[in-house]
Every structure is written in C-alpha cells, then in structure tokens.
Amino acid sequence: MDLHLTADKASTEEQAAVDAALEKLEPSPGEATPLGATDGHAASNGFLPRSKRYLLLPVLHAIQERLGWISPGALNYASLQLGVPPAEAHGVASFYEMFSLTKKPAVVAHVCDDIACATRGAGALCGELERTLGPAGSPRLGGKAIWQRSSCLGLCERAPAALLAAAGEKPRERVIAPAKAETISSAVADAVSGKLSDEIDSLYSQASVPQAGQPQLRLMRRVGRADPTNLEGYRRLGGYEALKKAFEWGAERVIREVIESKLLGRGGAAFPAGKKWEAVHLQRDSNRPHYMICNADESEPGTFKDRVLMEEDPFAIIEAMAIAAFATGCEQGYIYIRGEYPLAASRLENAIAQAKARGLLGSLEIELRIGGGAYICGEETAVFNSIEGQRGEPRNKPPFPVESGVFKKPTLINNVETLANIPRIILEGGPAFAAIGAGGMSTGSKLFCLAGAVGKPGVYEVPFGVTLGQMLTLAGGVQGKLQAVLLGGAAGLFVRPDELDMPLTFEGVRAAKATLGSGVIVAFDDTVDMTDILLRIAAFFRDESCGQCVPCRVGTVRQEEALHRIASHRTRGSVSDEIALLDEIGLGMKDASICGLGQTAYSAVESAIKRLRLYE
C-alpha cells in the first residue's frame with residue numbers, strides 16, 4: 001500500500017525554507033527519500049530505516065517562520081525531503097497551536113488573556129485593541145497583520161503581555177510586556193513595514209527577579225551580576241567548577257551526592273532526581289544509546305521561573321546537563337523549550353555554542369528543540385513523541401522513560417529548575433544541600449512565581465518552609481482585599497485567605513490538601529470575578545486536551561459547558577445538579593485519563609466550588 005500525495009506544489013520560497021532548515025540541522029543517521037523518487041506517491045514501506053522524521057518539528061517551524069503558514073505544497077515537499085507520509089505530517093502540523101494550515105497574515109500579535117494577565121488589565125487591553133485594530137483574528141493593514149487572544153505566554157510578572165511574530169526571510173519576534181494597545185499597534189505597524197528591530201526583549205532583571213543581587217540567593221545568585229551572553233562572566237562567578245569536580249569524583253559519586261541531597265523534581269511531579277539518574281546509569285552496559293532531555297516546555301499558566309533561569313543564567317543549565325550526562329552515560333542531549341520563549345531559546349543556543357567551542361561539553365551534543373505551542377508537551381512522554389516528529393501525545397507507562405524514552409532508548413529527563421540545583425549540590429555536597437530547607441522531602445531552596453494582585457510580581461527564591469502569607473508579604477503584599485490564591489497554576493487548587501499560614505513544603509501543602517505544582521502563586525483581589533477565572537481555566541483545558549483519551553477529550557468540553565450554564569443562569573435543573581454533574585465528570589477524568597492533564601483538569605474548579613464556596 002502507498003499514500004498518495006496531493007497535486008499541490010511548493011513555491012520556490014517554501015522549498016528554500018525547508019532546504020535551509022535541513023542544511024542547518026545536524027546530519028541524520030539515515031537518509032531521506034530523495035525528491036522525485038516517487039512519481040507522486042510516498043511509499044509507506046521502508047520509511048522507518050530511512051526516515052528523518054525527528055527533524056519534522058524544526059522543519060515545520062522553518063516553513064511557518066518564512067511564510068506565516070504551512071501550505072499543502074510546502075507540507076508535500078517537507079514530507080518528501082524527510083521521508084514522512086504526508087497524512088502523518090499533516091497530523092503533526094495540525095496538532096500544534098503555533099502552526100497554521102490555513103493562510104494567515106505574516107504578522108501576528110498574540111495577546112495573553114489568561115488568568116495572571118486577567119488580573120492586570122488584559123480584558124481592557126483586548127477591548128482597546130478591538131477598537132483600534134478590529135476584532136481578534138480580523139486581518140488589518142491591508143491584510144498583512146492580525147492580533148489574536150492567547151493563553152499564558154509565561155510573562156506573568158510583566159502582565160499584561162503580548163508576543164509579536166513576523167514571518168519572512170528574516171523572521172522576527174518581539175516581546176511586549178507590560179503591553180499597551182498603542183505599543184502593540186506600533187509594533188505591528190513596524191513589522192508590516194519591515195522596520196521591526198532584531199531586539200527580542202528589553203530586560204530589566206529586577207522586574208522579573210525583585211530579589212536580584214541579594215546575598216542569600218542560590219539559584220538566582222548570578223541574576224543581574226553576570227552577563228548571560230558571556231561564558232567568561234559565568235566562569236568568573238564559579239561557572240563550570242561543579243563540572244570539573246564531577247569529573248574528579250566519577251559518575252557513581254555524583255549520583256550518590258544527588259541522592260543524598262534528597263532533591264525532588266521541581267516541575268510538579270516531585271520525583272526523586274537521584275533515583276532517576278541511578279536508574280539510567282545502571283543501564284550503562286546495555287549497549288544502547290542514552291539520551292538526556294532538559295524539559296523547558298514551561299506552559300502551566302502562571303509559571304515563568306524556568307524562563308527567567310534560561311534568560312538570566314543559561315550557562316548554568318548547560319553545565320548541569322553536562323554533569324547529568326556524564327553521570328548517566330548520555331551522549332546526546334535535547335533542550336525542549338516552549339515556542340513562546342524566543343529570548344530564552346536565543347540565550348541557550350548561544351550558551352551551547354560557547355560551551356562547545358571551549359570544549360566544556362566533552363562528547364555531549366546538545367540540540368535545542370523548539371516546541372509548537374502545546375501545553376501537553378510538558379508531560380515527559382509527550383516530549384519524547386514531539387522530538388521524534390510525532391504528535392505530542394503522552395504514552396502509557398510502563399515502560400518508564402529510564403528504560404524506554406525518546407527513540408525507545410534509556411532517557412533521563414529533568415525540569416529546568418531541577419537541573420539548576422545540580423551545580424550547587426556538587427559544589428557543596430548532597431548532605432549540605434539536604435540541610436537547607438525544611439527537611440524531609442523539602443530540601444534546598446524553591447522558586448515561586450508570584451503574580452496577580454501583589455505589589456511586586458516576579459520570581460522569588462526562598463528555602464522550603466516559609467508560609468504562603470510570608471511569600472505574599474515578600475512580594476509586596478496583596479493589593480486590595482484578598483479573595484483567593486491559586487497554588488500550582490491551572491492544574492492546581494484555590495485556597496482561602498484564612499489559609500495563609502500554610503507552610504510551602506511538599507508535606508505542608510499535602511496536609512492542607514493543596515499542591516505546590518510548578519510553584520505558581522496567583523493572588524486574586526475582590527475586584528476579580530472568580531466565575532470568569534474558572535471559565536478561563538476550563539477553556540484552557542478544553543483547548544489543550546490532546547484528544548487521545550475519551551475521559552479528557554469529552555470531559556474538558558462537558559466541564560466548560562456546565563460552568564457556562566451556571567454562569568449564565570441557564571442550568572439544567574438546579575445549581576446543585578450541575579455541581580453533581582461536574583463532580584462526576586471530574587472523577588471520570590481523574591480516574592481514567594492517560595496523563596496529568598486530564599487527571600488535574602477539574603482540580604481548580606473543584607477547589608473553587610468546595611473550598612471557596614463560589615456558587616453558594
């Protein structure tokens with residue numbers, strides 16, 4: 001059987017975009033099906049050994065960045081060059097929010113209206129844009145530009161925020177935060193006229209890290225003190241001393257120190273990092289390649305700590321990856337970073353190049369892989385599928401990543417903040433690290449993302465054990481009368497103003513039936529309509545469900561529908577009947593969904609109903 005290509009042909013510009021991308025990318029271990037080798041058909045047999053499918057995601061990015069959309073002809077050409085069946089390439093392209101399979105203007109302004117930005121005027125901003133630029137999604141400036149509403153861009157400390165993308169031979173991106181309607185309109189006009197500068201973002205460290213420069217900082221100690229684009233500046237402040245010490249110790253000692261540090265994963269799952277490392281290391285004699293992945297697909301609404309680490313201290317992440325790869329026997333590494341982080345991606349790419357040029361990575365090769373705008377790709381097995389050129393859908397476990405991860409090989413995957421702790425553990429020793437914090441499972445320091453109705457939003461670093469109330473005070477206190485606090489992001493839970501004495505430790509939040517999640521703390525004052533916030537969270541999960549499993553695919557839709565009926569006073573029966581239905585839907589998603597997205601899609605909604613008594 002074979003798969004028929006459409007008659008659509010790629011333009012010269014589209015072919016150039018694909019060819020340039022493939023020339024830039026690392027050589028593949030196999031060969032692509034040569035152009036013209038099929039008379040309009042792409043043979044399905046023989047693809048696996050010859051396919052360059054793992055290059056599909058960056059090639060799709062190249063087309064999108066050059067033309068502003070992916071045409072059928074461009075998709076045909078990419079499929080032939082990579083040896084991927086066109087129907088499957090279409091399935092991948094249609095999966096990601098950042099790719100458009102219908103023609104769009106080359107200039108797009110993505111304006112965040114998610115929960116953190118909603119507390120800082122996103123609604124008024126979008127209203128003003130509707131008056132000046134027209135309805136969202138409506139082409140302007142001669143059909144050359146549009147603006148559209150967006151889920152969280154990870155710029156919550158500078159809310160409201162926008163991200164401008166301008167396609168072309170030299171594509172450009174511009175972060176606009178805090179954003180005003182006139183600033184967005186001006187940037188859009190500059191992009192259309194070709195006058196948009198190369199500058200991605202204008203950073204002021206203390207706007208994102210109010211503690212910058214304070215002596216007690218550990219993970220953030222270099223923020224504002226070292227040039228994040230200069231390797232020598234990093235080394236002057238102790239950079240790469242940990243890697244040197246790791247080489248002196250050997251792999252087994254490194255892993256032992258990480259285990260003794262009791263470091264738990266900082267991405268939300270809180271799995272012991274040292275145990276992961278040990279499990280991969282124990283397969284060193286399996287004669288199979290080992291892979292190392294830094295999961296930088298930070299997409300939880302309200303979360304931005306990893307973005308700040310990558311923008312302000314990228315060399316530390318590269319050093320940590322080198323240590324992890326040395327300890328676990330990995331020779332190929334990937335940094336999978338969300339597509340909405342252009343400055344962080346640029347900083348990491350520069351850090352990789354400088355470290356490699358100075359011979360600091362040894363045999364480790366690190367490739368930056370840009371995500372396509374899919375929240376689900378923060379799930380570790382979805383990351384594997386995305387890197388392989390598949391749809392970013394989670395896999396069933398077992399097998400676990402340490403045995404069968406990316407390309408079905410043993411894989412170590414750690415979150416950005418988790419890795420950022422590694423150099424300190426090596427330099428100080430595991431027991432010394434474990435002595436910091438609250439003890440038990442909560443060792444070391446933790447980064448929290450403070451946003452919403454606080455005086456000084458930003459990333460804050462504290463030892464485990466401070467209370468929620470102390471964190472709010474550290475961030476300048478609540479502006480106005482506190483109505484609720486969201487812990488852990490959209491997948492987290494709401495807590496009440498009378499629960500601020502909750503200790504922010506893994507044990508403390510568990511005892512309070514809450515969660516730390518990814519470290520999100522969003523404060524809502526009494527001017528915020530919490531019903532609207534719940535509807536936004538429900539819409540987020542509906543949009544971001546990958547659709548692979550029925551409980552999540554159907555449940556997220558039915559959840560949003562029920563909340564809309566309650567909000568519009570058009571309930572089926574009483575409000576209590578709708579809440580009972582929501583409980584049933586939520587239980588089904590929690591018990592039967594494949595991954596954490598469906599399992600936590602009802603968490604915030606349930607806590608608002610039962611903890612905040614929102615509909616009483």
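These legends accompany an overall view and several close-up views of one predicted chain.

The model is predicted, so local features are described only where pLDDT is at least 70 and side-chain atom pairs count only at pLDDT 80 or more, while totals for chains, interfaces and linings use all residues. Residues are numbered from 1 along each chain as its sequence is written, and side-chain values use heavy atoms, with hydrogens and water left out.

**Figure 1. The whole chain and its secondary structure.** The chain holds 27 helices and 17 strands, where helices (H or I, at least four residues) and strands (E, at least two) are DSSP runs, numbered from the N terminus. Its radius of gyration is 24 Å, close to the 25 Å that the globule rule gives for 616 residues, so the chain is as compact as a globular protein of that length; the radius is taken over C-alpha atoms, and the rule is 2.2 Å times the number of residues to the power 0.38. Along the principal axes, the C-alpha atoms fill a box of roughly 70 × 65 × 50 Å. Of the 616 residues, 59% count as buried, which is to say under 20% relative accessible area, with exposed meaning over 50% and partly exposed in between (1.4 Å probe, protein chains only). Among contacts with a separation of 6 or more, 73% are made by residues 24 or more positions apart, a contact being heavy atoms within 4.5 Å.

**Figure 2. Helix H11 and its buried side.** The buried residues of H11 are Ala242, Leu243, Ala246 and Trp249. They cover an arc of only 120° around the axis, which puts them on the same side of H11; this arc is that of the directions from the helix axis to the C-beta atoms. The spacing can be understood from the helix itself, because an α-helix has 3.6 residues a turn, so residues three or four places apart point the same way. The buried residues of H11 pack against H12, H15 and H19, and the helix is followed by Gly250, whose phi is positive, near 95°.

**Figure 3. Helix H12 and its packing partners.** In H12, which spans residues 251–261, the buried residues are Ala251, Val254, Ile255, Glu257, Val258 and Ser261. Seen down the axis of H12, these residues fall within an arc of 160°, so they line one face of the helix. They pack against several elements, including helix H11 (241–249), helix H13 (273–281) and strand S12 (442–443). Just after H12, Lys262 takes a positive phi of about 60°.

**Figure 4. Val111 and Gln148 on two strands.** Val111 is found in strand S3 (residues 107–112) and is buried, with a relative accessible area of 0%. Gln148 is found in strand S4 (residues 145–150) and, at 15% relative accessibility, also counts as buried. Leaving aside neighbours within four places in sequence, Val111 is in contact with residues including Gln148, Trp147 and Ile184, while the contacts of Gln148 include Val111, His110 and Ala136. The C-alpha atoms of Val111 and Cys126, 15 residues apart along the chain, are separated by 7.6 Å.

**Figure 5. Ile594 in a loop between two helices.** Ile594 lies in the loop between helix H25 (575–592) and helix H26 (596–600), and it is partly exposed, with a relative accessible area of 30%. Not counting residues up to four places away in sequence, Ile594 touches Pro394, Arg395, Asn396, Gln548, Cys549 and Gln599. Ile594 and Ile376 are 218 residues apart in sequence and 11 Å apart in space, C-alpha to C-alpha.
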